[in-house]
Amino acid sequence: MASKADKPELIIGNKRLDGRGFNDLRPLKVEASVLKNADGSAYVEWGNNKILAAVFGPKEAMPKHVQDPVKAIIKCKYSMAPFSSMGEHGRSGPNRRAIEISKVTREAFENVVMLNDYPGSEIDIFIEVLQSDGGTRAAGITAAAVALASAGIHMKDLIYAVSVGKIGEELVIDMNMIEDNYSDSDMPMAISPRNGDVLLLQMDGIMSKSEVKKGMAMVLEAGKAISKIQKDALNKVYSRGENGNGV
Amino acid sequence: MGAFDIVKSNYIKELLAKGVREDGRKTFGFRSIKITPGAIPHAEGSAMVDLGGTRVLVGAKVQVEEPMPDTPKQGNLMVSAELLPLAHAEFESGPPSPESIELSRVVDRGIRAANCIDLESLFIEEGKVWAVFIDIYVLNYDGNLFDAATIAAMAALMNAKMPVYKGEDKADYEKRESPLKLKSAVVSTTFAKIENSILLDPNIHEENAADARVTIVTDGKSVRAMQKGLGGSFSTSEIESLVDVSLEKYNEVKSVLESSMK
């Protein structure tokens with residue numbers, strides 16, 4: 001969170017800077033199976049975020065000592081391209097933030113991937129943020145879920161993620177970078193839509209108990225639209241229906 | 001996890017099905033908290049914390065630095081964590097593990113989000129500020145590093161005395177009298193979900209048996225930071241009720257912190 005001194009007015013007359021209402025998502029586009037070599041992949045444009053996710057595997061887990069004889073392990077790497085942000089050139093290589101995001105993302109997918117179907121294997125998830133504008137970890141998880149599905153990996157659910165934030169006294173869904181920089185709170189969540197379970201939850205800032213409750217409800221509500229876009233993307237590539245190309 | 005850990009996890013689950021914890025604690029009871037402030041007099045602030053069998057040492061050092069470009073009038077805060085190989089057979093030397101990075105970032109997030117340190121009081125002059133380094137050293141791992149490390153970090157900050165600025169980027173460490181200015185204190189509560197039970201302050205065996213974990217950091221009035229971990233899940237109503245428990249636990253831990261400073 002940047003200093004409050006030069007904080008711009010983020011909400012004017014119940015509208016956000018980009019014209020959205022408090023419950024409005026940024027435009028979200030999802031495309032499945034965009035990379036040839038990967039076993040599964042997805043490309044997401046969410047507002048100004050541009051994110052690629054790719055999945056390799058299941059394949060023999062390496063090195064051998066990491067193998068689990070009863071289930072697959074998931075490896076996950078989230079990274080931001082050095083040219084992805086407005087402003088200065090980013091440093092390449094994983095920083096502490098990226099390592100933490102990779103860990104919590106992996107843990108979210110460990111919940112839904114049917115690991116016992118692939119003993120001794122590893123499933124690699126790569127999330128590359130090509131352009132960032134706030135909410136990249138949520139967009140990355142939303143993309144990676146589609147990539148896993150397009151790789152044909154057995155899952156209990158197609159998960160999504162989105163962040164809810166607090167600006168002044170208002171809770172807003174899906175903050176962009178400028179909102180994120182000057183917000184009073186940020187709470188990214190990943191959800192399993194079939195039962196509403198929370199698979200990823202992080203938060204910092206300041207929120208009352210009732211704001212936490214309301215924020216979680218906003219995330220569940222927003223998920224309906226996100227899930228539909230994810231499924232449509234998969235249908236477009238894999239269904240034999242009128243929209244599908246019958247692969 | 002070795003065979004012993006699996007047997008132990010099954011034992012923990014069998015007990016919990018009957019509503020009993022291995023060490024006889026209540027569902028939302030902490031293990032005993034022992035705080036030793038000033039354990040390392042060379043550090044500006046320090047504290048050793050024993051949370052049951054978990055032992056964490058935190059040293060806080062203060063030095064002159066350039067401010068961050070986006071906060072030119074504020075001091076800097078850096079939190080790092082070391083899971084020392086002497087703390088547990090499975091901790092290895094080498095570059096920081098995701099676990100140690102997560103630990104340090106969650107402790108950092110709580111302290112930063114609640115403005116515990118008055119960072120504006122750390123401004124010296126144009127282009128010069130005090131930087132506070134909080135280093136978390138895990139000396140013995142027996143579960144729940146998040147809460148132990150947050151308590152130790154808070155205790156080290158409460159115990160810290162500022163050096164005097166000598167000019168030319170130098171600090172006089174012999175003269176340390178005025179306390180580090182703090183604006184609030186946070187308390188961290190970590191819950192483990194094991195099958196259908198949720199309990200506070202898991203010990204190492206309970207952590208091994210856990211499906212999911214969530215840490216909630218509050219300043220007594222509001223939630224300041226949260227972090228869910230592991231492959232399991234929580235329902236939103238479970239999170240809501242744990243926020244309540246966390247807010248209720250604030251005074252209990254805060255009073256241990258305060259009485260240790262006397």
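## Strand pairing around β7 of chain A

A:Ile51 stands opposite A:Val129 of β7(A) in this predicted model. The two strands concerned, β5 (residues 49–60) and β7 (residues 121–131) of chain A, pair in the antiparallel sense over nine bridges. Pairing requires that DSSP finds at least two bridges between two strands. Strands (E, at least two residues) and helices (H or I, at least four) are DSSP runs numbered from the N terminus.

β7(A) also pairs with strand β6 (residues 73–80) of chain A, here in the parallel sense and over eight bridges. A:Ile74 stands opposite A:Ile123 in β7(A). Together with helix α1 (residues 96–112) of chain A, β6(A) and β7(A) make a left-handed β-α-β unit. A crossover is right-handed if the path from the first strand over the helix to the second runs clockwise, with the strands pointing away from the viewer.

## Aromatic pairs

Four aromatic pairs are found over all chains in a search of the whole structure. One of them is formed by A:Phe56 and A:Phe126, which are edge-to-face at 6.0 Å centre to centre, with 75 degrees between the planes. Rings of Phe, Tyr and Trp (its six-membered ring) pair if their centres lie within 6.5 Å; planes under 30 degrees apart count as stacked, over 60 as edge-to-face and the rest as tilted. Because A:Phe56 lies in β5 and A:Phe126 in β7 of chain A, the pair ties together parts that are 70 residues apart in sequence. A:Phe56 is partly exposed at 28% relative accessible area, and A:Phe126 is partly exposed at 31%.

In chain B, the ring centres of B:Trp130 and B:Tyr165 are 6.4 Å apart and their planes stand at 90 degrees, so this pair is edge-to-face. B:Trp130 belongs to strand β6 (residues 128–140) and B:Tyr165 to strand β7 (residues 164–167) of chain B, so parts 35 residues apart in sequence are tied together. B:Trp130 is buried at 6% relative accessibility, whereas B:Tyr165 is partly exposed at 22%. Buried means under 20% relative accessible area, exposed over 50%, and partly exposed in between (1.4 Å probe, protein chains only).

## Conventions

Residues are numbered from 1 along each chain as its sequence is written, while chains are lettered from A and ligands numbered from 1 in the order in which they are written. In this predicted model, local features need pLDDT of at least 70, side-chain atom pairs count only at pLDDT 80 or more, and totals for chains, interfaces and linings use all residues; side-chain values use heavy atoms, with hydrogens and water left out.
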